[in-house]
Every structure is written in C-alpha cells, then in structure tokens.
Amino acid sequence: MTLFSFSTSTINTSKLVFKTPTNFSAKDGERCCQGFLCASAGCLQNQPFSFKSCSLSADLQCNKLFCHAKPLYLINSRKGSSCYSLDVKESSAIPTDRKFQLDDVIESQQFDRDILNDIFEVAREMENIEKNSPGSKILQGYLMATLFYEPSTRTRLSFESAMKRLGGEVLTTENAREFSSAAKGETLEDTIRTVEGYSDIIVMRHFESGAARRAASTASIPVINAGDGPGQHPTQALLDVYTIAREIGRLDGIRLALVGDLANGRTVRSLAYLIAMYKDVKIYFVSPDVVKMKDDIKDHLTSMGVEWEESTDLLEVASKCDVVYQTRIQRERFGERIDLYEAARGKYIVDQKVLDVLPKHAVIMHPLPRLDEITTDVDADPRAAYFRQAKNGLYIRMALLKLLLLGW
Amino acid sequence: MTLFSFSTSTINTSKLVFKTPTNFSAKDGERCCQGFLCASAGCLQNQPFSFKSCSLSADLQCNKLFCHAKPLYLINSRKGSSCYSLDVKESSAIPTDRKFQLDDVIESQQFDRDILNDIFEVAREMENIEKNSPGSKILQGYLMATLFYEPSTRTRLSFESAMKRLGGEVLTTENAREFSSAAKGETLEDTIRTVEGYSDIIVMRHFESGAARRAASTASIPVINAGDGPGQHPTQALLDVYTIAREIGRLDGIRLALVGDLANGRTVRSLAYLIAMYKDVKIYFVSPDVVKMKDDIKDHLTSMGVEWEESTDLLEVASKCDVVYQTRIQRERFGERIDLYEAARGKYIVDQKVLDVLPKHAVIMHPLPRLDEITTDVDADPRAAYFRQAKNGLYIRMALLKLLLLGW
Amino acid sequence: MTLFSFSTSTINTSKLVFKTPTNFSAKDGERCCQGFLCASAGCLQNQPFSFKSCSLSADLQCNKLFCHAKPLYLINSRKGSSCYSLDVKESSAIPTDRKFQLDDVIESQQFDRDILNDIFEVAREMENIEKNSPGSKILQGYLMATLFYEPSTRTRLSFESAMKRLGGEVLTTENAREFSSAAKGETLEDTIRTVEGYSDIIVMRHFESGAARRAASTASIPVINAGDGPGQHPTQALLDVYTIAREIGRLDGIRLALVGDLANGRTVRSLAYLIAMYKDVKIYFVSPDVVKMKDDIKDHLTSMGVEWEESTDLLEVASKCDVVYQTRIQRERFGERIDLYEAARGKYIVDQKVLDVLPKHAVIMHPLPRLDEITTDVDADPRAAYFRQAKNGLYIRMALLKLLLLGW
C-alpha cells in the first residue's frame, strides 16, 4: 500500500489518481489516522489545514473515504461545521521490491519490454498453481465485476476462470448494454461509480473505442480493458506475445507471418505493435488486397527498425517463419460485398500444404474463433498452437489480476 | 432456532409460517427426534397422534422435511400404512437476546422505528467488515438465488456483492421472465417451490405488484423483495433513510425536500412513508404539476403529524433543507406526450445555483440512475451524496442478509 | 488417479480417452516424470521411443500436457529437434475400492442396475451433507462450466446449486447459442476445446441431439449432458428413478403409470428405459391417442420382459399403482392444431378424484413445470411427490459431480 505524506496546503483533486491494491475501508477513526484526513460533508474546498492538528476521535466520524465524487482521502467530519481539506502528495514509501505499480490495463502501448517480461514471469508462475494450493487462494475475498457492454463469452469466461482459479469471486453482467440504467440514459461514468462500490476490480468490454480509458479515469479501483470496440484488446495482445515466447522460447529474432484480415484485425495490429519492441524481428504480411495492413503500423515498424515485407505466397512465407499467425476474415466488415468477402476468405488457408513446408519448430497461432481458414486436419499436428494459445489467455489474465490487486 | 412443543391434537398447516435461520435438514431419525414428527407419505391428515409415543427408528425414515407442499414438520414414515399428524405450536423458546425475528423483507410498512434502528446498527457494522476477516465469512455455505423477472443490474449486483462480501454464494437468473418454465405457463408459486429447494434465501424482482408477498407466503425460506413492479422496493427505502441518518447524523427533526417525479416515483413515496415515523420532520414537495405527490401520502403524513408543503421554488426550499432528494422524471410515464415530458424534466435541476444556497451541512441524494436532473459539476461537491447513497445500499443489503439468515 | 505404463512402441492417440478425476497440471519436469513423456512441438508422430531413457530436465520443458489437439500425455520437448512419441496403455493400478470409472454422463443407456444403485447410494449421502461440514467442501477448487445453448433455468440452477453445495465454483453461460463465437460460425468442438481450458467439468445443454456425445468425445474433462434437444436428458431420468426408490422404498415389482404426452415426452421414454432393468415391473400407459407411447419403447419393454398395457381409464390405473407419473402435454408439439392440443391436455388430469382412489402408499410424480394437468389442491396431499422429486434432482447432480470429479 502506497503511503502518503501531508502538507498544510490545499488539496489538488486532479492529482488524486491513486489505486490501492488492498481495499481501503477507512470508515473508522483508527484507520483514517494513518494518513487520511477529514472534511465535513458541507465543507468548502481549499481551506488551509494542518494534518498534525487533526485528532480523529469519536466525533470525527471518518465515514466516507470518497469525497468530490472521486474521493480518496477526504473523510467527512461530524464536528459541527468545522471543515478541512488537504493536499496529498505521494511519498517515496513504495517498497523497493515492487517492480512497478500496475494501475489499469487499458492499451498495448502502456507496456514496455521490461513490464512484459515481468508479466510473463508471473503468468509462468500461474501455470504451476495447483488446485487448493496456497497460490490458488491469493485473491480470496476479492470481487471482480465483469461489465460487458457487448457479449464475448470466450473472453468473459477466461477472465472469470482466472479470478476463480485464484480464489476470487465474480459479479457478472453479460449484457451491460441493456443494463437498465444505461438503457435509461445513465453515463458510463455514473455506472462505473456505482459498480466500483460493489467490487474490487472491473473488467469491461465496450462497443466504443476509448470507453475503457474513460472508465479507468473515473474508477478508484483497477480497470481492465477486455476490448473496446475497434480500439484495444490488450490482454489478447499480451497472450499472443506470451504464446510466442512459450512456444518458440524467445522473442528476439522472431520471424512472424501475419495472415488474413490485417486491415480490420485488432489482434494483429496490437501484436505487430508489441513485437516491435524486440530485436531483429521480421514480419511478413500475407493478406488479400482488400484487407491489407494499414500504413500506420507499417510506418511504426519501420521507425522501430523492424523489417517487414508483404507477400502473396503463404507457402513461401511459411517455409521460413517461426510463427504463422492466421486470422479470420470478418464477414461483417464487407457489408453487402459478399463477393469480395468470399474471394478474400478462401485465399489464404492454413492446411496440410502449409504444414508440409512449415519448419518443425514453428507454430501456427490463431486468436479464435476460426472458421475454415485453418482446416481441422491441422489440429492434430503438434505445431497447431491455437488451443494452447487460448489457454495462455487464462494465465495472462490470472497474472494481471494478481498484479492489479496484490502487486508484485 | 425456534423450538416447538407438540400436542396430541390435529395439525393446522395454515399456521405453519416458520422460517429457520439455520437450514433444517431433518433427513435422519436423530435430528428429527428433536421435535419433528412423522407421517407416512400415504397418511390421512388429522389423525390423533401422541408425540411421546413416537420413537423414531430405522424403519421410521424421516426422509422428508416437507409435506403438504409447504411442509415443515411432517416427516414420512415408512412403517407400513400407519399414519400420524400433529399440531404444532410455537413455544417461547426464542432467545432473549434476539431483538425480533425478521422472516422476509416485503414492504416498507413492515418496519417500525425500532426495527429500522436495529437494521441500521447492523448496517453500520457491515461498513467495518474487512476483507478476509471473520466477519466477511459469516454467510459461508449459504446460497442466495437472485430471481429477477425483469432486469435491474444495479440492484442485482448490489445484492450479489452483499452476499459475496459476507462469504455467501449466489445463483443468478438475470431474466427469469424468460425462465423456460415461466414461459411455459408455470405459476410463480411452483417456481418458488422449486427454487427454494436449491437455495437458502430468494431475492426476487418482479414486474407485478404483490408478487413478492405471494412468493414469501409460498417459500419456506426467506424472501427479499427487490422491487415488484409499481409496488414496493423496500431495500431502496431502507438505504435512503440510512443514508440520511449517516450523512446528517439524525432522523428526528429532518427537513427533507422531495424533488422531481413524485407521482410515479416509488422511492420518494416509500421514503416519505418511512421518514414519517420520526419526530418533527418537515417535507417539501417540489415537482412539476403533472407529477405531483398524490393525496394518499399527503394524508398519511398529516395523520402522522408530519408537516409538509408544496413549493415551486427549488432554491428557496434548498436553502432551508437538510436533504434535497432529487429524482428522475421518467419518460416512459408520459406515453406520447413528449412535450409534457420535456417541460417537466427541465423544470427542477440541481446545479451550482442550488449548491450556492444549500446549507453547508446538507446533502443531495438521488436513487440513480440520473440523467441531467443533477448537473455533473455538482458531483465534485462534498455534499453530493448520491454515490455514497448507492454504496449504502450494499451495507443495508448485507445487514438484511445477515439478519434473515443468521438473525441477531 | 489412474496410472499408466509405457512401452517403446508407437502412440495410438485414438485410444487416449482418459479423464482424470484430479486435474493434471503437468507443467514441470517433476510431475511429468511420473508417467508422462515428451515430444517436441515439431516432432514427427510414431517415432520409436523408450520411456526409461527419458530424463526430464530443465531443457525438456514439459510445458504442454496437450498435444495433437486432444493431447493427454505428450509434452513438448525443447531439446532441439529430437522427438519422441509413445504408446499409452492403462495399467491395472485402479484402486480396488473404486467401483467403476464414470467419465461422462451422456445418455440413460450407459447405466446398468449396479451403477444406478451406486449413484443412488452417493445421492443418499448427499442428502445428509450439512452446511459448512467437511462434506460440503469436497469440490473446493473445482470449476464447472454450464454451457447452455438453450435456456433451461431450472436445470441450470439445479446443477449450479449442486456444485456450490459441494464447495465448487461455476462459470455460467446462460445462452451459449448466442455465444459470440458460435454466432460467428465456430464449431461445437472448437468451443469445447476452449472451454475445457477454463474449467474442470462441463455441463452442457444443447438444441441438437447428439451434441453432448460430440462434446464428450472432444473434451479431455468430464461432460454432463443436461439435455440435448429431442435426444437425452439423463440426469432427469436418474432423478426420476431415484425418487421412486426413495418414495416407495424399492424398484423391483413397481407398478408405474405413465400419463400424458408419451409420444414426445423425453422423460417418460428415458424412465421407461431405465425402469425396465428392474424385476417384475408393470407399466401402464395412459395418454390421449395423438400422443401415445411409440413402438420402440414398447418393443424394448417386451424384450426385457416388462409387462405393460395401455389404458384410457386413469382412475382404474391409479387405484392399482405405486407411482402415477404425470406429464405436461406440450403445446409446441401440435403446431397449428390447437384443437387437438386442447382435447389432449384436458383428458387426463390428476385431481382429488385420482387421490381418492390412489393407494395410501403411492405417490404422484411430475417432471415440472406443470400447468393444470395436476390441480393445485393435490399439492397439499402427502402423496404429491413432485417438489420432493425436483429436490432429488439436486442430490443426483451432487452425486454425479462428486463421482465425475473425485470418483468413489
């Protein structure tokens, strides 16, 4: 738990972006005294206040941790109309063995190579947690709210399994879009302020890009983005990179083929972004013309010194890759142009012919669900890594839940 | 656990409204002997029977606690065709330290001032329960069924969080209206008889007024009404009163403004009803003409000696109130008269101007969701109590679950 | 846990139908060494391999238990390109006190009389499990996925209650048909391969006959069929037979009337099938002409030496039966012929007149939901067993979950 020092100056609520791994329940004088101060419900803001003169006692009911809607340190005083406010400043009391503070998981860009390695290390530990071992109970007493504004059963089950595998509990809303309050016009911010009162962490899927960031900046508890529309799906990106590391044994020097719908595929874009942080990476783009990788990612790769090339020959690419990352051509992206969809979807199929040229150490990945872009006879090949990849999603999510709720 | 004495007279099943805080599982002779008697599956009712002559043994299989559909004390005998029934009468074996027995939570009217104070005392304890403390496990092993015939995610999550914060478990039906059985024409009573077999307490939301009472009179386990149509929503009423007590520090002498849709608002009607039990209360009604408070509540207040007045000047009222309770104008109540709706909704807004005149110790409450009847700049003011109010719903529900399942 | 011996011959994956009651997490060398062998991700199948020469060490990362899509014993080696495979053969290391290995619950036909008796014995133990007793925690740490492709709240709640009453946890998908992946065209097999990564047992309801079998043959964890379309609903059949045994005290020599929709009723067909395994059984079919019992069941009964007859006189049949099993006439089976439906549904009603002739020891059963085919005044009679029958479903499902996850 991060500690705070207090000065006698005025409060700056805009700086109060503090998320505690343990839940504060500063409801009584004793706990409040550790560093939280009090303001009556009816106080004026910005009154000068000296911490040292504050003696929390019976008539200083510290009954609210929340204040100013996003309230973290102010506690209502019941001492008549006297009134306090305070300035809060982070001290350096962060334990030295804590690698970093992970507050929310919102987008791939928030991670650097070191953080990824740290997360992967925890995920690796998660793989070894046995049923009913102490490790399987580390989140006992914690409550996760899965706030899904659009259904995504696979992702939801993966998160809920992760939470329960660590002893935590879950509140589920499978279709929050029809959340009665949302339907009545409540803002996302108001919903978050309510839900954060019921839980310790929010896993949110939303249909609007940027919704996760809005939720995180409102919530005083951690928020994980489980996909926000065309925006980000950072846990998918993390599990993809983790799977490459687990399957191939390294990330530097990886030769990666991204196949299929590269224009609309959120996963391949995020994966390209993350893998660019490693050395000597080579990426091949193999896609129908109508769904080619966009220039922003290509430019980013170039600026990061990542070698990339476009190809129309899947077999040739497969013969020299470590990873073939296949994706589904999404019909819904083609609108009424079913003809274009049909042409695109059949163009690059991973089948026995691809296996025949694929190096023995290489693997085939897919974010799932798959239709016929990988034929089912490929499943029996040990290089078919996509179901292991799905399972890795569980370990990554376990790792993130642990890191956000307990820290390192 | 309430004990029973037995006479040799006949049974009167209509009197059997007994709900045990601990679950009876009188499946074997030993436990039955404590006060439960036996009747063969094929017995005739109303045969004379002497308790003392009953020796429960191997061939008297006490395999059913239930009998006569709402069966509580009769247990099937397998001893040929001999047959028993009994009269059951409550003894005075209620522990003296139990304040009262709370069997169900159906409507606001069931509470008096003393019971409210007792519930609030327990709610206050709930605020202090820490993660993984003994208090957080008091409902371990208990199972709550949330039987929601219409969606209300906020209320459902609040109850489920309350149950889980106390170590209990939850069975969820988010849309019981499409419960396959209900859709096939099953009665509510039959559904309740099935669900009570799977759980220890039922939290029900229904679209029909009176449904909660029907469920409670059918169920042998406690039922909490989480809103039944235009009828009651007693836990909302409790949390509203609790919030006033917590924020202002008292209930006697409170000056309360009820603002917005007072004609259709279930919450303001219940709140007015409950607050009338306290002394020297003054209520101001501030609402557009089309949604004024109805006469039944006004008459009730008058009969209880509660002073009330109607006003069209929100600022003037706000300047002399302890609590401004704002509500949403519900569009769905206006049918096609969108013009009336638009006129009504914009009339009384809580904004900075209201804050400017509101006493420093006063608070603004709202049952949520809010649209624009409270402007978002109000949120930052410490007197904006509505998110704290939502959180109080958690504590009230924790208290009720504890009281119904464990008693005092 | 079943043990395995290994030979140096080649692997036969088709034989690998092995489900462990405890979950394998052979992620590290130590555990793998107990009997699991390794194959590199890129290995060729069917290479000769000697178990004894395999020393699992740091560079033999046993990171995957899964291989060949349905992977159970092969573990990836990272030792260059060397490659192993193996033949797996069940040893006789099955504990002698284990009566039999229950792998999945797919259809009534999989049970014989001995297995039924064993299951009923466990169900009987389940009736006596008390809250917070050791017995109520035997499935702690286990995770059940309820994968319902069509809603069946009653069945779902019964399974989820069973799991939670034993200390287990649940992942719920109330409407898997709209599972985003299924909606996008994912096969059932792919969905199962994903979900089995998140859970320890799958309870599946599906709209297609045979779906449960497909799921079970894909999954490496146990699968319970909670109804697959017009196909099977084996747990209902088990609870029906269990209820007869509990209510009447025996199954041999039982006189059973099956009433109502015998043509379409999945439950009566399964019940007739199971009861035929007992001695001296007599079955009466009482149904409107349009929904008579089909010849396949009649022929089966005859071949099993079960006496049966058709009757149009419910009262006469009821007067000489041990069990009257009433069913609902399903409107949906009649299409537009509402006239036929109306005629059929009113024909055989269980009411006071039936009670008047029913033997005192006999019982009335019904799979629920009921409409008016049993009048509500019957509920108060101790011979009305249908709500006890529903409760027995809980005990049967608790027993199956225990047997599938822990064994005897």
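A salt bridge is a side-chain nitrogen of Lys or Arg within 4 Å of a carboxyl oxygen of Asp or Glu. Side chains of opposite charge can pair when their charged atoms come close. In this predicted model, the count by that rule comes to 91 salt bridges over all chains.

Chain A is a place to begin. Its secondary structure comes to 13 helices and 13 strands. Of the 408 residues in chain A, 61% are buried. Among the contacts in chain A with a separation of 6 or more, 72% are between residues 24 or more positions apart. The accessible surface of chain A is about 14500 Å², and carbon and sulfur atoms account for 48% of that surface.

In one of them, the side chains of A:Arg205 and A:Glu150 meet at 3.3 Å, N to O. A:Arg205 belongs to strand 7 (residues 201-206) of chain A, while A:Glu150 sits in the loop between strand 5 (143-148) and helix 3 (153-165), and 55 residues separate the pair. A:Arg205 has a relative accessible area of 9%, so this residue is buried. A:Glu150, at 24% relative accessibility, counts as partly exposed.

The other salt bridge is formed by A:Glu247 and A:Arg388, whose closest N and O atoms are 2.7 Å apart. Because A:Glu247 lies in helix 7 (residues 234-248) of chain A and A:Arg388 in helix 13 (residues 386-406) of chain A, the pair ties together parts that are 141 residues apart in sequence. A:Glu247 is buried, at 1% relative accessibility, and A:Arg388 is buried too, with a relative accessible area of 6%.

Chain B has a salt bridge within a helix. B:Glu342 pairs with B:Arg345, with 3.4 Å between the closest N and O atoms. Both residues lie in helix 11 (residues 338-345) of chain B, three residues apart, which is about one turn of the helix. B:Glu342 is partly exposed at 38% relative accessible area, and B:Arg345 is partly exposed at 23%.

Salt bridges also link A:Asp190, A:Arg193, B:Arg370 and B:Asp379 in a network.

Helices also pack against each other. In chain B, helix 2 (residues 113-127) and helix 7 (residues 234-248) pack at an angle of about 75°, and their axes are 11 Å apart. Helix 2 of chain B is therefore roughly perpendicular to helix 7 of chain B. The residues in this contact include B:Leu116, B:Ile119 and B:Phe120 of helix 2, and B:Leu238 and B:Val241 of helix 7. By class, the contact has seven nonpolar, no polar and three charged residues.

How values were computed
Residues numbered from 1 in each chain as written. Chains lettered and ligands numbered in written order. Predicted model: local features only at pLDDT ≥ 70, side-chain atom pairs only at ≥ 80, totals over all residues. Heavy atoms only, no water. Axes fitted to C-alpha atoms, helices over the stretch in contact; angles between N-to-C directions. Helix = DSSP H or I, 4+ residues; strand = E, 2+ residues; numbered from the N terminus. Parallel < 35°, antiparallel > 145°, perpendicular 65-115°, else oblique. Contact = heavy atoms within 4.5 Å. Nonpolar A, V, L, I, M, F, W, Y, C, P; charged D, E, K, R; others polar. Buried < 20%, exposed > 50% of the residue type's maximum accessible area, 1.4 Å probe, protein only. Areas by Shrake-Rupley, 256 points an atom, 1.4 Å probe, with all protein chains shown as cover.
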